[in-house]
Amino acid sequence: MTELAATDPLPKPKRDIAPILLPIALALLMIPLIGSTSSWLTLTAASLAMGMMIFIMASGLTLVFGLMDVLNFGHGAFIAVGAYVATLVLAPFAASVQADSLWVSLAVLAPAALLSMAVSGALGLIVERVLILPVYGQHLKQILMTTGGLIVAEQTLYALWGPQIIPMPLPASLRGSFILGDVAIAKYRVLAMLIGLAVFIAIQLVLNRTKLGLLIRAGVENREMVEALGYRIRRLFLGVFMTGSALAGLGGVMWALYREQVHASMSDDLTVLIFIVVIIGGLGSIGGCFIGAILVAMVANYGGFLVPKLALVSNILLMVAILMWRPRGLYAVTSR
Amino acid sequence: MMILSGDPPKSRVLTLVLVLIILALAATPFLFPGAKALNVAAKICVFAALVASYDLLLGYTGSVSFAHTMFYGIGSYAIAIALYGMGPNWAAVATGIVVGLPLAALLALAIGLFSLRVAAIFFAMITLAVASAFQVLASQLSWLTGGEDGRSFQLPELLRPGTVLISRNLFGFEINGRILTFYLVFTISALMILALLRVVNSPFGRVLQAIRENRFRAEALGFRTVFHLTYANCLAALVAASAGILNALWLRYAGPDTSLSFSIMLDILLMVVIGGMGTIYGAIIGATIFILAQNYLQSLMGVASKAASEAGLPLLPGLLHPDRWLLWLGLLFIASVYFFPTGVVGRLRNGGGDKSAGASH
């Protein structure tokens, strides 16, 4: 033990950088395997964009679990709802969306995304009050209730919009790629990366620089202690749940634009992907979730390029490998 | 009551309902003529066994698995691929069983050892991920599984509808291979449900319930909980795969929509919760209610939807459309988790109670 003077700053917790190096190492390892630098850059950009979108969708889920031990199997519903709500705005303004000017299409896309977030967030409020509050503290019933909620939400979407796939074309100004030398990077991917990075930085700032964030992090680590100090953690949780739902809605809009189509079944497919990300990252950890999302996207993109057949099970293999290394995920933040 | 393993329904109404269901199922070929009724009855039998095996996991150990359709699908595909590849003979049926059942058990063992060891909550998520990967795999390996189209196959001579065993003029009914297949499905399903009843009322089943109520305490008492949970997982997988075999034999087909899709998993969840978790009998009630609703409620909803659209009501035609019947069952599901956590059977037995409350921690 080293002696500490009273004026010295408190010792910082040791930073665990191995998980951060993991995606970087994976990306570097792929350069010789893929061979061509330009396709490597394109694939890496694609992975980062996809990873950011998955991160936006998964971030809420991991915090909700970490904070309140609530496993929301209906998280995917918020994604689908967000995407469907966006079509409400985008369909009437289809002409302006397809305008040549980037600013005009962004001026339509931004309110669409905001409306989606508002509706998903409001739905989050209802889900938390109606489905999760009554069975609080009972895992089994939580899983059943939220699965039931997922069924009802999906079926309601079908009832309102019909069972067909709704096209959601990308604005003309966001089509095409930036060409740097012989590297082509799709414009929309750059936008997705920017939004994802902004969301990540915003979450990190709130969690690490505000009192609210301090309470959330403390709650993730030890809920009873925060309650004992007199904070109403239930209200805090409701806020986190609504924010997470709203982010899932935003992710849904981005994913729908990426795929250029909307369908309620997207919630099923993405739920699986998000669960894998949350497990890999460590339940409750935003940093782990971020790295996990990028890893999953990298494995999907590189794997799809190198061994297309393997891409089907690559996520599971990744999850197994990570859990062998760290059984509780990359960052184990909860005490549970 | 040796055959019920000392665990009778314990309620007069429940006994009556169960006896009625079983008699109706047994007599379906003679009471309700027509292919549809027989199909519905066979499906109820298969699903009663499948749901009972899921109840062993959900109701008795409190662990939520989303991979149950995977085992069901393994059984279906094993028999389908064997009969498709080797032709319609009994050797192919035997091959399907010999390959399918151990495969399901091994996979269950692997998943169990891998995910039941860590936090119980992981189990639900990992089974979901593995099941979805398996589903993609099955639809991609089209040289083996037939992809999205699945595999249709011929049954051995004896089980074909064209084989007349007892001709019409004896009892006024014709006993053909189809009816024989139905009784095969009925008998094996019934035997599996009785076997499951035996399992849950054995000392092993008591340990499972102890783990459900308090895993830490069960471990402190000296039970190796991982062993018990994995064993239960393997048993459930075996029964599910057997149910899959029966289903494929009945349909003469195995494909992603009939044996692997996520919606079947949700159906199983709905059936077990509506019927009553942790009772085994709930599986029979739940499967009967659900499949009857699936087959007959839909036509009722079609009528209602048409009436609503003719009356010019907004939104209602869409909500009442026959394809939206799952919406109403989903609402019923939420309501039953909330208001009747013990399901129909629990209600009939003692008007509620808290037997399955607070499970899984």
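Two residues are in contact if their C-beta atoms, placed from the backbone, lie within 7 Å. Keep that handy for these exercises on a predicted model.

**Exercise 1.** Work out which residues of H4(B) meet H10(B), and how the two helices are oriented.

*Solution.*
- Start with the contacts. On the H4(B) side, look for B:Gly96, B:Ile97, B:Gly100, B:Leu101, B:Ala104, B:Ala105, B:Ala108, B:Leu109, B:Ile111, B:Gly112 and B:Leu113. Their partners in H10(B) include B:Leu229, B:Asn233, B:Ala237 and B:Ile245.
- Sort the residues of this contact by type: you get 15 nonpolar, six polar and no charged.
- Now the axes. Those of H4(B), residues 90-115, and H10(B), residues 225-251, come within 8 Å and cross at roughly 150°.
- Angles over 145 degrees count as roughly antiparallel, so that's how H4(B) and H10(B) run relative to each other.
- Last, the handedness: H4(B) passes H10(B) in a right-handed crossing.

**Exercise 2.** Describe the side of chain B that touches chain A.

*Solution.*
- Count the residues: 37 from chain B are in contact with 33 from chain A.
- Find the elements of chain B that give two or more residues: helices H5 (120-140), H12 (262-275), H14 (316-320) and H15 (325-339).
- Pick out the largest share, which is the 12 residues from H5(B).
- Sort this side of chain B by type: 26 nonpolar, nine polar and two charged.

**Exercise 3.** Explore the largest nonpolar core, then zoom in on B:Ala48.

*Solution.*
- The core has 222 residues, and A:Ile54, A:Val277, A:Val296, B:Ala48 and B:Val51 touch the most other members.
- Helix H2 of chain A (residues 37-68) gives the largest share, 20 residues.
- Setting aside neighbours within four places in sequence, B:Ala48 is in contact with B:Ser189, B:Ile193, B:Ala283, B:Ile284 and B:Ala287.

Technical notes:
Residues are numbered from 1 along each chain as its sequence is written. Chains are lettered from A and ligands numbered from 1 in the order in which they are written. This is a predicted model: local features need pLDDT of at least 70, side-chain atom pairs count only at pLDDT 80 or more; totals for chains, interfaces and linings use all residues. A nonpolar core is a set of buried Ala, Val, Leu, Ile, Met, Phe, Trp, Tyr and Cys residues joined through C-beta atoms within 7 Å. A residue is buried if 20 or more other C-beta atoms lie within 10 Å of its own, exposed if 12 or fewer, and partly exposed in between; C-beta atoms are placed from the backbone. Helices (H or I, at least four residues) and strands (E, at least two) are DSSP runs, numbered from the N terminus. Ala, Val, Leu, Ile, Met, Phe, Trp, Tyr, Cys and Pro count as nonpolar, Asp, Glu, Lys and Arg as charged, and the others, Gly among them, as polar. Axes are lines fitted to C-alpha atoms, for helices over the stretch in contact, and angles run from 0 to 180 degrees between N-to-C directions. Angles under 35 degrees count as roughly parallel, over 145 as roughly antiparallel, 65 to 115 as roughly perpendicular and the rest as oblique. A crossing is left-handed if the near helix is turned anticlockwise from the far one by less than a right angle, and right-handed if clockwise.
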